[in-house]
Amino acid sequence: PSAEAHLQGVEISAAQFFEIWHHYDSDGNGYMDGKELQNFIQELQQARKKAGLDLTPEMKAFVDQYGKTTDGKIGIVELAQILPTEENFLLFFRCQQLKSSEDFMQTWRKYDSDHSGFIDSEELKSFLKDLLQKANKQIEDSKLTEYTEIMLRMFDANNDGKLELTELARLLPVQENFLIKFQGVKMCAKEFNKAFEMYDQDGNGYIDENELDALLKDLCEKNKKELDINNLATYKKNIMALSDGGKLYRAELALILCAEEN
């Protein structure tokens with residue numbers, strides 16, 4: 001059945017949720033907005049009506065909030081709050097402690113211990129287990145394995161069996177997802193390396209907080225549409241959460257500022 005048909009379900013399985021998400025986030029940027037969001041709202045209302053069901057209070061509030069705006073954005077977390085999905089699959093979204101980008105970056109730092117810029121399925125499994133334990137939830141190993149696989153399918157945009165920082169950041173509510181702000185300002189590898197060398201003035205291979213401050217000020221100046229100089233302190237705090245005792249190495253800053261080259 002199609003994604004629209006899945007919306008008629010009284011309860012949606014994790015796999016169906018995954019199909020619904022991919023259908024409506026048609027450009028794959030990690031959130032629904034504009035036309036995608038309008039289509040979703042329209043088809044959700046139709047599907048509930050067809051199934052002889054009213055909108056739940058959560059759905060109704062959601063439709064009221066996003067039905068009239070053209071600049072709304074919703075991510076996977078927001079979608080999980082309104083669709084009647086399998087209870088334990090929702091634990092990830094309902095109980096997760098990652099309320100802020102800073103928490104998220106620190107957790108990432110813990111699991112990407114080899115500084116490779118991604119976590120593999122084993123590391124992801126530990127990451128999810130950690131999230132659930134923080135929320136005082138126990139889950140069988142077989143379920144955890146199943147959810148790890150679904151998470152990989154859901155978030156692994158380039159299908160390499162690993163998750164990059166920006167892919168896993170979809171676990172954050174859209175308004176908390178600091179990395180979305182930086183999508184429009186990423187540089188190619190050559191540009192990024194040049195910038196890194198320019199701001200690493202002492203040439204010690206990492207950037208400290210003051211050097212990052214200078215780099216971000218210039219970025220804000222250059223990209224006024226995407227970045228607001230008034231949020232400089234927040235940007236800095238979030239990026240420094242990736243640092244190693246105040247040292248921000250090239251590989252970590254690249255996760256934020258360097259575009260992938262396929």
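**Helices and their packing in a predicted model**

The buried residues of helix 13 (209-222) pack against helix 12, strand 5 (206-207), helix 14, strand 6 and helix 15. Here buried means under 20% relative accessible area, exposed means over 50%, and partly exposed lies in between (1.4 Å probe, protein chains only). Helices (H or I, at least four residues) and strands (E, at least two) are DSSP runs, numbered from the N terminus. The model is predicted, local features need pLDDT of at least 70, side-chain atom pairs count only at pLDDT 80 or more, and totals for chains, interfaces and linings use all residues. Residues are numbered from 1 along each chain as its sequence is written, and side-chain values use heavy atoms, with hydrogens and water left out.

In helix 13, the buried residues are E211, L212, D213, L215, L216, L219 and C220. The expected span of a helix is 1.5 Å times one less than its number of residues. For the 14 residues of helix 13 this gives 20 Å, which agrees with the 20 Å between its end C-alpha atoms.

Helix 12 (residues 189-199) contains F196. With a relative accessible area of 1%, F196 is buried. Its C-alpha atom is separated by 9.7 Å from that of E211, 15 residues apart along the chain. If neighbours within four places in sequence are left aside, F196 is in contact (heavy atoms within 4.5 Å) with G205, Y206, I207, L248, Y249, R250 and L253.

Helix 14 (residues 232-240) has the buried residues L232, Y235, K236, N238, I239 and M240. What covers them includes helix 7 (101-111), helix 11 (178-181), helix 13, strand 6 (248-249) and helix 15 (250-257).

The description now turns to helix 3 (residues 34-50). The 17 residues of helix 3 should span 24 Å, and its end C-alpha atoms are 25 Å apart, which agrees. Which residues of helix 3 are buried? They are E36, L37, F40, I41, L44, A47 and R48. These residues cover an arc of only 135° around the axis, and therefore lie on the same side of helix 3; the arc is that of the directions from the helix axis to the C-beta atoms. An α-helix has 3.6 residues a turn, so residues three or four places apart point the same way. The face of helix 3 turned away from its buried side carries the exposed residues K35, K49 and K50. Partners of the buried residues include helix 1 (3-6), helix 2 and helix 4 (57-66). Just after helix 3, G52 takes a positive phi of about 70°.

Helix 2 meets helix 3 at an angle. Their axes come within 9 Å and cross at roughly 130°. Helix 2 is therefore oblique to helix 3. Angles under 35 degrees count as roughly parallel, over 145 as roughly antiparallel, 65 to 115 as roughly perpendicular and the rest as oblique. Axes are lines fitted to C-alpha atoms, for helices over the stretch in contact, and angles run from 0 to 180 degrees between N-to-C directions.

Helix 2 (residues 14-24) also meets helix 9 (residues 141-155), where the axes come within 10 Å and cross at roughly 5°. These two helices are therefore roughly parallel to each other. A14, F17, F18 and H22 of helix 2 make the contact with I150, R153 and M154 of helix 9.
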